Amino acid sequence: MEGFIKTEIKNKVATISFYHPAGNSFPSDQLEKLTEEIHALGKSKTVSVLILKSEGEGAFCAGASFDELLVVSNLEEGSNFFSGFANVINAMRKCPKLIIGRAHGKAVGGGVGLLAACDSVFAIEKADVKLSELAIGIGPFVIEPAVSKKIGKTAMAEMTLEPTVWKNANWALEKGLFTKVFSTIAKLDTALETYTNQLASYNPEALLEMKKVLWEGTENWDTLLFERAAISGRLVLSNFTKNALLQFKK
């Protein structure tokens, strides 16, 4: 099955689902589609709240597409690819609707960035998280502002400097990346439906103003995240990263 982005709307709650056969990783075309979908739903008068989730029973999101990273051949291509994550995160922070994440499985790299860019995250106990970028010769530069905003520089550094170590869901809950953690997907989905339906019943103008408050001080991200994308785009061209990516694929 090919990757996809799809949306379902019910009771003023829009659920955006993404899927890719390679661990729900993101090639650039799906990053672009997700960005466009968030922008469109942000303008919809029939939607008050967004849910971001992925499909399948495996990972929530394995981050960037290794296949696409391996074929990056110049700085422009590298910067453009990582700008895809910058575009998604900026779309999420500027979206006038609250975005609630649903983490049914593990998240790596860019997947952690997506969860950090949500306004709240419901997860299950097996939703471990990891920032593996240093292990492949780059770093979580684009997503760092979102991750640090959620869990602080110290916890972000702990994750970044231990790129092979998984942090469990309770760690993520304690640090603030997750809002609530559940023992089963059924319990998660029941609570998530109740929570988002309640949110959607509130005054849309109040929700909009609250969203603005939650993201105060991030106005420079329109520039910062693309500067960070250029750093990643340069590093992905190194022999170290190319060899590391090949080893990961094996």
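User: In which loop does asparagine 11 lie?

Analyst: This is a predicted model, in which local features need pLDDT of at least 70 and side-chain atom pairs count only at pLDDT 80 or more, while totals for chains, interfaces and linings use all residues. Residues are numbered from 1 along each chain as its sequence is written, and side-chain values use heavy atoms, with hydrogens and water left out. Helices (H or I, at least four residues) and strands (E, at least two) are DSSP runs numbered from the N terminus. On that numbering, asparagine 11 lies in the loop between β1 (4-10) and β2 (13-19).

User: Is asparagine 11 buried or exposed?

Analyst: Buried means under 20% relative accessible area, exposed over 50%, and partly exposed in between, using a 1.4 Å probe and protein chains only. Asparagine 11 has a relative accessible area of 52%, so the residue is exposed.

User: What is the phi of asparagine 24?

Analyst: Most residues other than glycine have a negative phi. Asparagine 24 sits in the loop between β2 and α1 (28-43) and is buried, with a relative accessible area of 3%. Its phi is positive although the residue is not a glycine, with a value near 55°.

User: How many disulfides does the structure hold?

Analyst: A disulfide is a pair of cysteine sulfur atoms within 2.5 Å. The sulfur of cysteine 61 is 11 Å from the closest cysteine sulfur, in cysteine 118, so this pair is too far apart for a bond. Cysteine 95 is in no disulfide either, and the nearest cysteine sulfur, that of cysteine 118, is 11 Å away. For the whole structure, the number of disulfides found is zero.

User: Which residues does glycine 233 contact, leaving aside neighbours within four places in sequence?

Analyst: Glycine 233 is found in helix α9 and is buried, with a relative accessible area of 0%. What covers the buried residues of α9 includes α3 and α5. Contact means heavy atoms within 4.5 Å. With those sequence neighbours left aside, glycine 233 is in contact with Leu75, Gly78, Ser79 and Phe82.

User: Which residue does aspartate 189 meet in a salt bridge?

Analyst: A salt bridge is a side-chain nitrogen of Lys or Arg within 4 Å of a carboxyl oxygen of Asp or Glu. The N to O distance is 2.7 Å, and the partner is arginine 102.

User: How far apart are the closest N and O atoms of lysine 211 and aspartate 119?

Analyst: Lysine 211 counts as buried at 2% relative accessibility, and aspartate 119 is also buried, with a relative accessible area of 17%. They form a salt bridge, and the distance between the closest N and O atoms is 2.7 Å.

User: How far from glutamate 133 is the nearest side chain of opposite charge?

Analyst: Lys and Arg count as positive and Asp and Glu as negative, while His and the chain ends are not counted. Glutamate 133 lies in the loop between β7 (129-130) and α5 (144-160). Glutamate 133 is buried yet has no salt bridge. The nearest side chain of opposite charge belongs to lysine 130, at a distance of 9.4 Å.
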